[in-house]
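This report examines selected parts of one protein chain. Please look through the sequence and the structure before reading on.

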Amino acid sequence: MSLMSLDRDALAGILGNIPNIKICVVGDFYLDRYSLGIMEVISREAPIPIIRLKSKDSTRYLPGAAGNVALNLADLGAQVSAVGIVGNDNHGRMLVEILQERGVDTSRMVTVNDRLTGAFEKFYASAYHSRVQQVARVDTESAKAISSAQEQEIIDNIAAEMETCNGLVVADYAEILGTGVVTDNVLTFLEQKLGENGKIAIGDSRLRVGQFKGLICVPNDYEAAMAAGIYQSHTSHEISDEVVIESGKILVDRLHRELYITRGEKGIMLFDQDGAYTRLPTVPLDGEIDPTGAGDTVASAIASSLCAGASFAQAAEIANLAARVSVGKVGVTGTATPPEIKATHDIIQHKADED
């Protein structure tokens, strides 16, 4: 497939259909805190660097994990609903408030007293004339499984949303295995319901993508190889093209759906239900980049594009364009809007015409 086989009219048509669709995001919603400062000195109390915040505006809060997926979908223009769990705490209230401000329907978010709202605190800094980069992260998470009553409420809320939504994104992002919203029972329910109604459902999981039967999954190459059982962390040194191809074929056979495997600067590899694959190269970007959250952008772009009528390959091309936009936003988990995606398409097409 050529880098730009999707023409401008087709792109505009697909993006123009996205406001007509509704997508439900199911999963682990976190609150991201971003702090930006300057690192110039070492602490006199311990051998650690000190980050000095630049101003009162140096700290900002945004929904992360499944929340970032919801924001990406909203910025693409989709109608978005959220199904997840937050704690009865300041982080949870702030997370829900920001989602609501961005147009996400949070009426099916479950607030509970016995859990902490997941939060990632990310510190970015520069030193003298060096570039800004992430230097530390502090996580807050609940270390126990959700209760059976909470699980049933999640399943009931998904069932209600499936009556009106065009598609789903299932974002299994809990960092501690067994503590997230996307439990085995939730996955069993989704597999059954998707088999009945044929809705489009995108699955993204850091640890369990091999269990997402019936969902079109979007793992990165590391997640795919681990799920396929042919890559072992800390013992394998490289995820080669051959490993990605073998992983893709194993997962397609196991999940019974098409598959996208993202490969960072190497682009996206598409697998159909027969295991045949296509390589889609990445869209080059000059200058500084920040890949944080790029996977969320890809999953959101694929979900919204497929629901808006794109083909399997067209959705991957739009995801590539959206990822190029989001990684260019340094110091924050970026999203991509339709005007930004169309502008990026035009830039790439113009360069191709010149060549």
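At roughly what angle do the axes of helix 1 and helix 9 cross? The model in which this is examined is a predicted one.

## Helix 1 and helix 9

The axes of helix 1 and helix 9, the latter spanning residues 312-327, cross at roughly 85 degrees and come within 11 Å. An angle from 65 to 115 degrees counts as roughly perpendicular. Helix 1 and helix 9 are therefore roughly perpendicular to each other. On the side of helix 1, the contact is made by Ala 10, Leu 11, Ile 14 and Leu 15. Helix 9 contributes Gln 314, Ile 318 and Leu 321. Sorted by class, this contact has six nonpolar residues, one polar residue and no charged residues.

## The buried face of helix 1

Helix 1 covers residues 8-17, and its buried residues are Leu 11, Ile 14 and Leu 15. When the helix is viewed down its axis, these buried residues fall within an arc of 95 degrees, so they line one face of helix 1. An α-helix has 3.6 residues a turn, so residues three or four places apart point the same way. Leu 11, Ile 14 and Leu 15 also take part in the contact with helix 9.

At its N-terminal end, helix 1 is capped by Asp 7. A side-chain oxygen of Asp 7 lies 3.1 Å from the backbone nitrogen of Asp 9.

How many residues of helix 2 are buried? The count is 11 of the 11 residues in the stretch 66-76, so helix 2 is largely enclosed by the rest of the structure. Among them are Ala 66, Val 69, Leu 73 and Leu 76, together with Asn 68, Asn 72 and Asp 75.

Ala 65 is found in strand 4, which consists of residues 59-65. Ala 65 has a positive phi of about 55 degrees although it is not a glycine. With a relative accessible area of 6%, Ala 65 is buried. Helix 2 is followed by Gly 77, whose phi is also positive, near 105 degrees.

Asp 172 belongs to strand 9, residues 167-172. Is Asp 172 buried or exposed? A residue is buried when its relative accessible area is under 20%. Asp 172 has a relative accessible area of 6%, so it is buried.

The side chain of Asp 172 makes a polar contact with the side chain of Ser 205, at 2.6 Å. Apart from neighbours within four places in sequence, the residues in contact with Asp 172 include Asp 28, Val 182, Arg 206, Arg 208 and Phe 212.

## Two loop residues

Leu 116 is found in the loop between strand 6 (109-112) and strand 7 (118-126). Its relative accessible area is 48%, and Leu 116 is partly exposed. Setting aside neighbours within four places in sequence, Leu 116 is in contact with Gly 87, Asp 89, Thr 140, Glu 141 and Ser 142. The C-alpha atoms of Leu 116 and Gly 248 are separated by 36 Å, and these residues are 132 residues apart along the chain.

His 256 is found in the loop between helix 7 (241-255) and strand 12 (259-262). His 256 is exposed, with a relative accessible area of 54%. The phi of His 256 is positive, about 60 degrees, although the residue is not a glycine.

Conventions: Residues are numbered from 1 along each chain as its sequence is written. This is a predicted model: local features need pLDDT of at least 70, side-chain atom pairs count only at pLDDT 80 or more; totals for chains, interfaces and linings use all residues. Side-chain values use heavy atoms; hydrogens and water are left out. Buried means under 20% relative accessible area, exposed over 50%, partly exposed in between (1.4 Å probe, protein chains only). Helices (H or I, at least four residues) and strands (E, at least two) are DSSP runs, numbered from the N terminus. The arc is that of the directions from the helix axis to the C-beta atoms. A polar contact is a pair of N or O atoms within 3.5 Å; within protein, one must be able to donate a hydrogen and the other to accept it, and residues adjacent in sequence count only if both atoms are side-chain atoms. Axes are lines fitted to C-alpha atoms, for helices over the stretch in contact, and angles run from 0 to 180 degrees between N-to-C directions. Angles under 35 degrees count as roughly parallel, over 145 as roughly antiparallel, 65 to 115 as roughly perpendicular and the rest as oblique. Contact means heavy atoms within 4.5 Å. Ala, Val, Leu, Ile, Met, Phe, Trp, Tyr, Cys and Pro count as nonpolar, Asp, Glu, Lys and Arg as charged, and the others, Gly among them, as polar.
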